[in-house]
Amino acid sequence: MKATVKFKRGEFENAFMRTELPIARAATAAVKEAGLDLKKSARGSIASAGFSKKWQNALRVDAYPKRDISINAAAHIYHKISYAHVFEDGAKISGSPTLWLPMPNVPKKHAGESLTPKRFPGVLQYVKSKRGKPLLVAQIRVSKSMAKRAQMGKISMAAIKRGTIGSGVIRSVPIFFGIDTVRIRKRFDIRGATNNAAGRLGQLYYKNLKADE
């Protein structure tokens, strides 16, 4: 006994697509929904650590495919600031040989970039404090009232650029202090937010599959 089963051209492909389409739609929708939840949660973690909107918005989640649907839908999470991982995992940063940090009373930025000895718009002199810690100081002309204080207040970038020009009293003002290493603790938890979102994919897939019935 012989039996022959014949399909019209394209009939098998169409039957397969009717089965595959709901799965692809549910998978794509689940990934996109998980990605939105992930972005909100991860940005919230960054915000709760005290980071600016710039840092929060630099966290991106891209879902693929962007316009079509696929059983193999996926999401890519990344941070546009290259050293963001330092605050995710914590880190130990060492100088070579010295790591120079701005004093609390001087500007942290110059011309839109972090103030460093190389970017400092003036002459710096290396000295050691009474405690033996290295300092980089600059000659700056300050007001007489400021010069009399035990601790000078905020030093503006304008005063730094003027240097010894103008009226007032010339003082050696510490601009940077040197340390060998600095430890940065973990500040936010993007990895935890990612794991939580991944854990919900099955639930989201089932929800979207049922909605497509």
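The exercises below concern the fold, the charges and selected residues of a predicted model.

Local features require pLDDT of at least 70 and side-chain atom pairs count only at pLDDT 80 or more, while totals for chains, interfaces and linings use all residues. Residues are numbered from 1 along each chain as its sequence is written, and side-chain values use heavy atoms, with hydrogens and water left out.

**Exercise 1. Overall form**

Task: State how the radius of gyration of the protein chain compares with that of a compact globule of 213 residues.

Solution: 
- Start with the rule: 2.2 Å times the number of residues to the power 0.38, with the radius of gyration taken over C-alpha atoms.
- For 213 residues, a compact globule would come near 17 Å, but the protein chain has 30 Å.
- Next, take the extents: the C-alpha trace spans about 110 × 30 × 25 Å along its principal axes.
- Finally, count the elements: the protein chain has seven helices and eight strands. These are DSSP runs numbered from the N terminus (helices H or I, at least four residues; strands E, at least two).

**Exercise 2. Surface, contacts and charge**

Task: Find what share of the residues is buried, and how far apart the mean positions of the positive and negative charges are.

Solution: 
- Buried means under 20% relative accessible area, exposed over 50%, and partly exposed in between (1.4 Å probe, protein chains only).
- Of the 213 residues, 30% count as buried.
- The protein chain exposes about 14700 Å², and carbon and sulfur atoms supply 55% of this area. The area comes from the Shrake-Rupley method with a 1.4 Å probe.
- A contact means heavy atoms within 4.5 Å. Among contacts between residues at least 6 apart in sequence, 69% join residues at least 24 apart.
- For charge, Lys and Arg count as positive and Asp and Glu as negative, without His and the chain ends. Each charge is placed at NZ of Lys, CZ of Arg, CG of Asp or CD of Glu.
- The mean positions of the 41 positive and 14 negative charges are 19 Å apart.

**Exercise 3. Glu-88**

Task: Decide whether Glu-88 is buried or exposed, and identify what its side chain reaches.

Solution: 
- Glu-88 lies in helix α3, residues 85-89.
- Its relative accessible area is 7%, so Glu-88 is buried.
- Leaving aside neighbours within four places in sequence, Glu-88 is in contact with Lys-186, Phe-188, Asp-189, Ile-190 and Arg-191.
- With Ile-190, the side chain of Glu-88 reaches the backbone nitrogen at 2.7 Å.

**Exercise 4. Backbone geometry**

Task: Locate the cis peptide bond from Tyr-64 to Pro-65, the one from Ser-96 to Pro-97, and the positive phi of Ala-111.

Solution: 
- The bond from Tyr-64 to Pro-65 has omega near -5°; Pro-65 is in the loop between β1 (59-64) and β2 (74-79).
- The bond from Ser-96 to Pro-97 has omega near 5°; Pro-97 lies in strand β3, residues 91-102.
- Ala-111, a residue other than glycine, has phi near 55°. Ala-111 sits in the loop between β4 (109-110) and β5 (113-114) and is exposed, with a relative accessible area of 71%.

How values were computed: A polar contact is a pair of N or O atoms within 3.5 Å; within protein, one must be able to donate a hydrogen and the other to accept it, and residues adjacent in sequence count only if both atoms are side-chain atoms.
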